[in-house]
Amino acid sequence: MKLFTLLLLTFSFSANATRFETTELEFDRVGGISQCSAQQTAVIHRAEKSVELRVTELLRIWPQYNLQGVKRDYVDVENRQWINGNPKHTQYQNYWAQVNGVWSKMQTSSRAGINFQCTTDRDRHCQGGGVIAYVLFLFGKPRPKIYLCPPFFQQSVDEQARTVLHELSHYAASTEDHASDWWDRSNIDLKRAAEDAHHLDEFMNSDPMGPLKRMIWFWFWPKQT
């Protein structure tokens, strides 16, 4: 139940899924689905289960993508450059550890039970159909609830799972909506990458090596000249 509202301050916007900063105060219960039809509830349960299984899988396989894994499965196999002491190695190790921490927090929240709420087109945060789902942040801290706008239920099964994973990263690990602004082939900011929900949701439905090669490995370890 909402006790009282102060004033909505600012928000960050994405065409798909996002986080909003708010000063609205209310009590949230953790682990449940509210204001959703039976059909919507079934869709949410399916997406939630898919995400829980995927995050568990990512935690299991993530060690093979550490720095040693990069050298073994990419640099050596594709004859890429490897310079001992390269600062990029430390950057990548830090990125890998940071993402691993995000997966761990997401698994903990998923196993504890995620709180979902369905909204309507009248929800101001849904931007008249422009936003699919969102998480509210109160003074920089995530509120334990994922709000699902009507377009969420028009997505494909894979897209729904990816959206929930994206929002769960906000919910559990306070990730941001950098929307890959950290990527420039001449200056890749891996700290921002590890906290970018748009980057993390790429791992929902694809082999991690795909986005890792495309966005990081290819540029960090170029071909031998």
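## Helix packing and buried residues in a predicted model

Helices α3 and α4 are roughly perpendicular to each other. This holds for a predicted model, in which the axes of α3 (residues 87–112) and α4 (residues 157–173) cross at roughly 95° and come within 9 Å. On the α3 side, the contact is made by V102, K105, M106, S109 and S110, and on the α4 side by L165, L168, S169, Y171, A172 and A173. By class, these residues divide into 7 nonpolar, 3 polar and 1 charged.

The chain as a whole holds 7 helices and 8 strands. It has 225 residues, and buried residues make up 47% of them. Of the contacts between residues at least 6 apart in sequence, 73% join residues that are at least 24 apart.

**The nonpolar cores**

The largest nonpolar core has 53 residues, and Y92 and Y95 are those with the most contacts inside it. Helix α1 (residues 38–61) gives the most to this core, with 8 residues. Apart from it lies another core, of 6 residues, which include C126, V131, Y134 and Y147.

Which residues does Y92 touch, not counting residues up to four places away in sequence? The partners of Y92 are Y65, N66, L67, V70, L190, L212, I216, W217 and W221.

**Helix α2 and its neighbours**

Helix α2 spans residues 67–75, and its buried residues are L67, G69, V70, Y74 and V75. Seen down the axis of α2, these buried residues fall within an arc of 155°, so they line one face of the helix. The buried residues of α2 pack against α3 and against α7 (209–220).

The packing of two helices is described by the angle between their axes and the distance between the axes. For α2 and α7, the angle is about 95° and the axes are 13 Å apart. That makes α2 roughly perpendicular to α7. In this contact, V70, D73 and Y74 of α2 meet M209, K213, W217 and F218 of α7. The contact of α2 with α7 has 5 nonpolar, no polar and 2 charged residues.

V75 lies in helix α2 and counts as buried, at 2% relative accessibility. Leaving out residues up to four places away in sequence, V75 touches V70, R80, Q81, W82 and W221. V75 and F218 are 143 residues apart in sequence, while their C-alpha atoms are 9.5 Å apart in space.

**Two further buried residues**

E167 is in helix α4. Is E167 buried or exposed? E167 is buried, with a relative accessible area of 0%. E167 and D201 are 34 residues apart in sequence and 8.9 Å apart in space, C-alpha to C-alpha.

Q107 is found in helix α3 and counts as buried, at 15% relative accessibility. Not counting residues up to four places away in sequence, Q107 touches V55, T56 and L59.

**Two loop residues with positive phi**

Most residues other than glycine have a negative phi. Q35 has a positive value, with phi near 60°. Q35 lies in the loop between β4 (32–34) and α1. S180 also has a positive value, with phi near 65°. The place of S180 is in the loop between α4 and α5 (190–194).

Are these two residues buried or exposed? Q35 is exposed, with a relative accessible area of 62%. S180 is partly exposed, with a relative accessible area of 26%.

**Accessibility of the residues described**

Conventions: Residues numbered from 1 in each chain as written. Predicted model: local features only at pLDDT ≥ 70, side-chain atom pairs only at ≥ 80, totals over all residues. Heavy atoms only, no water. Axes fitted to C-alpha atoms, helices over the stretch in contact; angles between N-to-C directions. Helix = DSSP H or I, 4+ residues; strand = E, 2+ residues; numbered from the N terminus. Parallel < 35°, antiparallel > 145°, perpendicular 65-115°, else oblique. Contact = heavy atoms within 4.5 Å. Nonpolar A, V, L, I, M, F, W, Y, C, P; charged D, E, K, R; others polar. Core = buried A, V, L, I, M, F, W, Y, C linked by side-chain atoms within 4.5 Å. Buried < 20%, exposed > 50% of the residue type's maximum accessible area, 1.4 Å probe, protein only. Arc of directions from axis to C-beta.
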